[in-house]
Amino acid sequence: MQITFTKTTCPKEKPDPATLGFGKLFTDHMFMMDYSREEGWHDARIVPFANLSLHPASTVLHYGSEIFEGLKAYRRADGKVQLFRPIENIRRMNNSAERLCLPTIPEDMAMEVLLTFVRTEQDWTPSAPGTSLYLRPFMFGNDETLGVHAVHNATFVIIASPVGSYYKEGINPVRIMIEDEDVRAVRGGTGYAKCGGNYAASNRAGERAEQKGYSQVLWLDGVERKYIEEVGAMNVMFKINGEIVTPMLSGSILPGITRKSCIEMLKKEGYTVSERLLSIDELAAAMENGTLEEAWGCGTAAVVSPIGELCYKGVRYTVNGGGIGEVTQHLYDVLTGIQWGRLEDTFGWTCGLE
Ligand SMILES: *Cc1c(COP(=O)(O)O)cnc(C)c1O
């Protein structure tokens, strides 16, 4: 496909890697293309990073038709840049699009534009330990009318942000609050789609947890408020009496690529991994009788995040003495090893830029 390129006339200076945070700085360019029912996807272009101009009646501003993805480009020791399972992000984005009545993008087209954009911006991939170039593809409904209906016009954009190491002082256990009031998603809703609306609905609980000194909330299912779903922007896994347990994908949980990678890796290594219902009662019992050996969240940003404390209805439980479990550490080491190219990728997960 034809992708036009308008080079910036004022390239920015590359940031000092020591000052990198998350999603505050952006590269020189962004990718954009537009969709209409008549023309399909058209006008693919890489343009200087700039504000978007939207009609005040644009669908996304009123009815929340928005989906996004998150993945990283990693700088290997040999200087080359690689992505981690990008086809999984593309497939998930299309599933999200289908749920929100946004247009899908053919997989080969999506892969081509993603790789072309990353190649254009690859100099922005930092090389300090733990740093990467975070890629944020997103799509929104862009009809210029207040009528409510499936979207006829949409815009797809990819922006990129050099990000620092999630763990400045090595991997660190977090404190998590189990939310028993708000819910994030219900089966039949948009829980499995990566859409902005899910985040808008979860901010209140996140804010409350933060005020109490917790870093994120653990969500229970929206119907019985009994079954564990996920943690903030991460999936969640537990080691209970030797068994690795993670909530099954019921429709209200985001199908994380890190989750999938952990499951595939642990199964290959001979662990018993169960994707099943896990009730808060079973978890509380395991915390009380000491059979909960480890708990961790997993997602692209943190890779693996050990959970050191869980709080449910005011009762605080320490997990694994507040330390980092063996499986948690192992997953972190192997996944980051593959992502940054330090370990051989026996799964075929990485995708290098030529
Ligand atoms: C993106 C996301 C995850 C993690 O998915 P990864 O593909 O592993 O990054 C988990 N939960 C929610 C709600 C998310 O938005």
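Visitor: Over the face of which ring does Lys14 lie?

Guide: This is a predicted model. Lys14 is placed at 4.5 Å from the ring centre. The ring belongs to Trp124.

Visitor: How far is the charged end of Lys268 from the centre of the Phe347 ring?

Guide: The charged end of Lys268 sits over that ring, which is Phe347. The distance to its centre is 4.2 Å.

Visitor: How many aromatic pairs are there?

Guide: Rings pair if their centres lie within 6.5 Å. By this rule the count is 10.

Visitor: Are the planes of Phe31 and Phe156 stacked or edge-to-face?

Guide: The ring centres of Phe31 and Phe156 are 6.2 Å apart. Planes over 60 degrees apart count as edge-to-face. The planes of Phe31 and Phe156 are at 65°, so the pair is edge-to-face.

Visitor: How many residues apart are Phe31 and Phe156?

Guide: Phe31 is in strand S2, residues 29-36. Phe156 is in strand S8, residues 153-163. The pair links distant parts of the chain, and the separation is 125 residues.

Visitor: Are Phe31 and Phe156 buried or exposed?

Guide: Buried means under 20% relative accessible area. Phe31 and Phe156 are both buried.

Visitor: Which residues form one aromatic cluster with Phe31 and Phe156?

Guide: The cluster contains Phe31 and Phe156. It also takes in Tyr35 and Trp41.

Visitor: Why is the pair of Phe84 and Trp349 edge-to-face?

Guide: The centres of the Phe84 and Trp349 rings are 5.6 Å apart. The edge-to-face class needs planes over 60 degrees apart. Phe84 and Trp349 are edge-to-face because their planes are at 80°.

Visitor: How many residues apart in sequence are the parts that Phe84 and Trp349 tie together?

Guide: Phe84 lies in strand S6. Trp349 is in the loop between helix H7 and strand S18. The parts tied together are 265 residues apart.

Visitor: What is the relative accessible area of Trp349?

Guide: Phe84 is buried, at 8%. Trp349 is buried too, with a value of 5%.

Visitor: What separates the C-alpha atoms of Phe84 and Gln339?

Guide: Phe84 touches several residues beyond four places away in sequence, including Lys72, Ser261 and Gln339. Phe84 and Gln339 are 255 residues apart along the chain. Their C-alpha atoms are separated by 6.2 Å.

Terms used. Residues are numbered from 1 along each chain as its sequence is written. This is a predicted model: local features need pLDDT of at least 70, side-chain atom pairs count only at pLDDT 80 or more; totals for chains, interfaces and linings use all residues. Side-chain values use heavy atoms; hydrogens and water are left out. Rings of Phe, Tyr and Trp (its six-membered ring) pair if their centres lie within 6.5 Å; planes under 30 degrees apart count as stacked, over 60 as edge-to-face and the rest as tilted. Helices (H or I, at least four residues) and strands (E, at least two) are DSSP runs, numbered from the N terminus. Buried means under 20% relative accessible area, exposed over 50%, partly exposed in between (1.4 Å probe, protein chains only). A charge sits over a ring if NZ of Lys or CZ of Arg is within 6 Å of the ring centre and within 35 degrees of the ring normal. Contact means heavy atoms within 4.5 Å.
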